[in-house]
Amino acid sequence: MERFTGYIYTITGACGGVYIGSTLRPKQRLCEHLKTGKMMRSVKLLQSPLKMEVIDTRQYKLKKTLRLVEQFFIDNNECVNIQRAYTNRDGMIYKNLKKKDYLKNREHYRELKRKNYLENKEYYNEKNRQNYHKNKEIYNERRNVRVECECGCMIIKRRIAEHRKTMKHRNNLIAKEQREIRERVFKMRKNK
Ligand SMILES: [Zn+2]
């Protein structure tokens with residue numbers, strides 16, 4: 001089987017955020033990323049100017065292996081990647097390892113996240129503000145969705161936790177239970 005050269009690269013934003021990717025043609029890949037229309041979601045999180053750097057060059061037989069190596073770099077570095085490079089059973093194992101590692105070092109990761117936020121506070125606040133304005137209507141709609149509580153009430157979703165603590169909810173539940181008992185007794189008498 002013919003071998004090819006695969007590259008693992010990073011794209012670093014002015015904000016310090018890092019995207020990790022793999023490619024067969026590194027220069028062409030950066031050009032694609034820079035053309036705003038074709039940027040991947042993860043790269044959009046980065047603040048320009050962007051800087052590309054090849055961090056690993058190897059010979060491969062299969063593209064699948066290149067993606068697996070890429071996923072290894074994603075799992076072992078702080079990066080902004082949203083999409084996975086490699087998914088299947090092996091991918092699941094990597095994911096679980098990452099989760100285990102996260103749970104074991106939760107404090108460490110929280111601290112990293114906090115530090116990163118504080119260092120780039122203005123950037124993140126601006127991002128959040130833009131995001132909020134872009135999705136304002138969706139957020140508001142979601143917040144005002146009505147759902148049926150187990151007591152039978154229709155409640156605005158964001159108020160349900162509060163509602164569950166009320167006397168009204170408790171009384172409704174008691175009434176519902178008594179109604180069910182009466183119905184059961186009624187059925188039993190009918191069946192005799
Ligand atoms: Zn209720």
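Which residues gather in a patch of positive charge on the surface? Arg25, Lys63, Lys64 and Arg67 form this patch.

## Basis of the report

The structure is a predicted model, in which local features need pLDDT of at least 70, side-chain atom pairs count only at pLDDT 80 or more, and totals for chains, interfaces and linings use all residues. Residues are numbered from 1 along each chain as its sequence is written, and side-chain values use heavy atoms, with hydrogens and water left out.

## Overall architecture

The protein chain contains eight helices and five strands. Helices (H or I, at least four residues) and strands (E, at least two) are DSSP runs, numbered from the N terminus. Along the sequence, their order is β-β-α-α-β-α-α-α-α-β-β-α-α.

Of the 192 residues in the protein chain, 24% are buried. A residue is called buried under 20% relative accessible area, exposed over 50%, and partly exposed in between (1.4 Å probe, protein chains only). The areas themselves come from the Shrake-Rupley method with a 1.4 Å probe, and for residues only the protein chains shown count as cover.

## The positive patch

A patch is made of residues with over 30% relative accessible area and no salt bridge; like charges are joined within 9 Å, and nonpolar side chains (Val, Leu, Ile, Met, Phe, Trp, Tyr) within 5 Å. Lys and Arg count as positive and Asp and Glu as negative, while His and the chain ends are not counted. The place of a charge is taken as NZ of Lys, CZ of Arg, CG of Asp or CD of Glu.

One of the patch members, Lys64, lies in helix H3 (residues 63–75). Lys64 is partly exposed, because its relative accessible area is 46%.

## Nonpolar cores

In soluble globular proteins, nonpolar side chains tend to be buried together. A nonpolar core is here a set of buried Ala, Val, Leu, Ile, Met, Phe, Trp, Tyr and Cys residues joined through side-chain atoms within 4.5 Å. The largest such core has 10 residues: Tyr9, Ile11, Cys15, Tyr19, Leu30, Val43, Leu46, Leu50, Val80 and Tyr123. Another core, apart from that one, has eight residues, including Ile8, Tyr60, Val69 and Phe73.

## Salt bridges

Side chains of opposite charge can pair when their charged atoms come close. A salt bridge requires a side-chain nitrogen of Lys or Arg within 4 Å of a carboxyl oxygen of Asp or Glu. The count of salt bridges is six.

One of them joins Arg58 to Asp56, with the closest N and O atoms 2.7 Å apart. Arg58 is partly exposed at 41% relative accessibility, whereas Asp56 is buried at 12%. Glu107 and Arg110 form a further salt bridge, at 3.4 Å between the closest N and O atoms. These two residues are separated by about one helical turn, because they stand three residues apart in helix H5 (residues 106–119). Glu107 is exposed, with a relative accessible area of 57%, and Arg110 is partly exposed at 45%. Glu162 and Arg159 also meet through their side chains in a salt bridge (3.9 Å, N to O).

## Contacts across the sequence

Thr12, in strand E1 (residues 4–12), is partly exposed at 21% relative accessibility. Thr12 and Leu46 are 34 residues apart along the chain, and their C-alpha atoms are separated by 7.4 Å.

Gln59 belongs to strand E3 (residues 51–60) and is partly exposed at 45% relative accessibility.
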